[in-house]
Amino acid sequence: MEVRILKGTNQIGGCITEITSNKGTKIIIDFGEDLVGDYNIKKQKLEINGLTNHKSKNYDAVFITHCHGDHIGLVNDINNEIDIYIEEKTKLIYNLTSDFIGKTPILRKTKTFKFNRPILIKKDIKITPYLVDHSAFNSCMFLVEADGKKLLHTGDYRNHGRKGKIFLETIKKIGKVDALITEGTTFSKNVTKYKTEDELFSDSIEIFQKYDDILILQSSTNVDRIVTFYKAAVKTKKNFIEDLFTGVIASNLKNIPNPVASYRNVSLFISNKYYKKTNPPYFVSKYVEPMEIYKSNVAFAKDFCMFVKPSMLNDIKMLKNKKHKLKNACIIYSMWEGYKKDLKMKRFLDELSKLGIHEEFLHTSGHADIKTMKLLEEVINPQIIIPIHTDNKEVAKEIFKNKVIDIKDKEKVII
Ligand SMILES: [Zn+2]
Ligand SMILES: [Zn+2]
C-alpha cells in the first residue's frame, strides 16, 4: 500500500492521511482544520481533487478518529458521494458543539462503526477501529490492512487518562504491524511522563479545600476532566454547577455527571447571553427551554464549583454583587495554556483577577508522553514510523532512530 500525508507532517493538528491499496482503493483518515494558537479555530478552505471537488470522486471512504476540530472540522467540505465513517458519539458531540460555537453541524448521511469490528472497503482495504484514551470522548485508532501489510494510525492518544487502562491491552491485541503513523504533539515538549487524571483529582482536592467557591475553565468536551472535578466536588461537599454547553454535552453521554440524570448535587446555570433575542429560535427551543427545568435556586446556597466560559463575565460579576458569593474564590484554568494568547481569554482572566478571584492551573495533556510512545513502539514493533501532528520530528528521530521516515506533505511512502 501507499501512504501520503496530505497535510500534517510538520504541524500540530489539521492532519490528513491518504492510504491507497495496490488495486487503487483510496481512503482518507481525518479531515480537520488547522489549529491556531487562540481560542477560536479559524476555518480554512482546502481543495483536494476528488475529495472536496463535487464533480468527481477519487476516494472511497473517509474515516474520522475523534471529535476535535483539528481532525474533523472540514468534514462538511467532503464530496457527498464519498462515505464518511464516524463513530456515533463523536458525531453527536461534534454536532452539539457546532450548535454552540456557531458552526454548521454534519447534516448529510454518514456511516457509523463499532470498536473492534472491521470494515471492508471494496473488499480490498480492511480497517479496524480501536477505542483509545484521549481528551475527546470515544476517540479511536485505526488498524489498516491491505496488500498483506498492516499499518496503525494512532489519531490523538495517551494512556494517562481515564481510559488509559485499556491502552496496553489494545495494542497487544493489535500486535505486530509493518508501519506506524503516530501523533507526536509531545515531541516539542519532550515530556517523559504526564500527570494522570487520577493525580489531577488529588491535586484538585487541595484547591477545592483552599477556596470556598471554585470557577472552572475547561473544554466542555473534555469528559474525563468533568468527572475529575465532579469527584472533587462530592469529596469536598460542594455543589456542582454546569454551564449550558457542558450540561448539554454531559447529559447526552451515558454515565457522565449531568443535571438531567439524578446525580447528587449537579445543577445547571444558564448564562444571560442565552436569553438575548439574537439567539436563533431553533437554538432556544432545542437547548435553552428544555434545560431550564434543571436550573436550581439552591445551587448557590452553599459552597460551589461552577463551569464558566469567557463570555460569562457579567454573570460572574452579578453573582458577586447580588448573591455576595465568590469571596474566597479561585478560577481553575484547566486546558492548554496556548489558549491564553487569545485576547478574549486574556481579558476575562484579567477581569477575574480584578474581582479578587485567584487563578490556579490544573491540567494534563490529551497527548501521549514519550514513555507511552516507546511502549507502543515496543509492543507493535513497526519497521517504519511516520510522525505527524508534530512540530519537532528531530525528537522522533532521537527516540525511534532510523525507523523514522522524514517526509514532507504529499510525499509518497510505499509500505
Ligand atoms: Zn489533534
Ligand atoms: Zn484531539
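At what angle do helix H4 and helix H5 pack, and how far apart are their axes? In this predicted model, local features need pLDDT of at least 70 and side-chain atom pairs count only at pLDDT 80 or more, whereas totals for chains, interfaces and linings use all residues. Residues are numbered from 1 along each chain as its sequence is written, and chains are lettered from A and ligands numbered from 1 in the order in which they are written.

Helix H4 (residues 197-210) packs against helix H5 (residues 223-235) at about 40 degrees, the axes lying 9 Å apart. H4 is therefore oblique to H5 (angles under 35 degrees count as roughly parallel, over 145 as roughly antiparallel, 65 to 115 as roughly perpendicular and the rest as oblique). Glu197, Leu200, Phe201, Ser204, Ile205 and Phe208 in H4 meet Asp224, Thr228, Phe229, Lys231, Ala232 and Lys235 in H5, contact requiring C-beta atoms, placed from the backbone, within 7 Å. Six nonpolar, two polar and four charged residues make up this contact.

The chain comprises eleven helices and 18 strands, taken as DSSP runs (H or I, at least four residues, for helices; E, at least two, for strands). To their contact, domain 1 contributes 17 residues and domain 2 contributes 18 residues. On the side of domain 1 that touches domain 2, eight residues are nonpolar, five polar and four charged.

The C-alpha atoms of the chain fill a box of roughly 70 × 45 × 35 Å along the principal axes.

Methods
Axes fitted to C-alpha atoms, helices over the stretch in contact; angles between N-to-C directions. Contact = placed C-beta atoms within 7 Å. Nonpolar A, V, L, I, M, F, W, Y, C, P; charged D, E, K, R; others polar.
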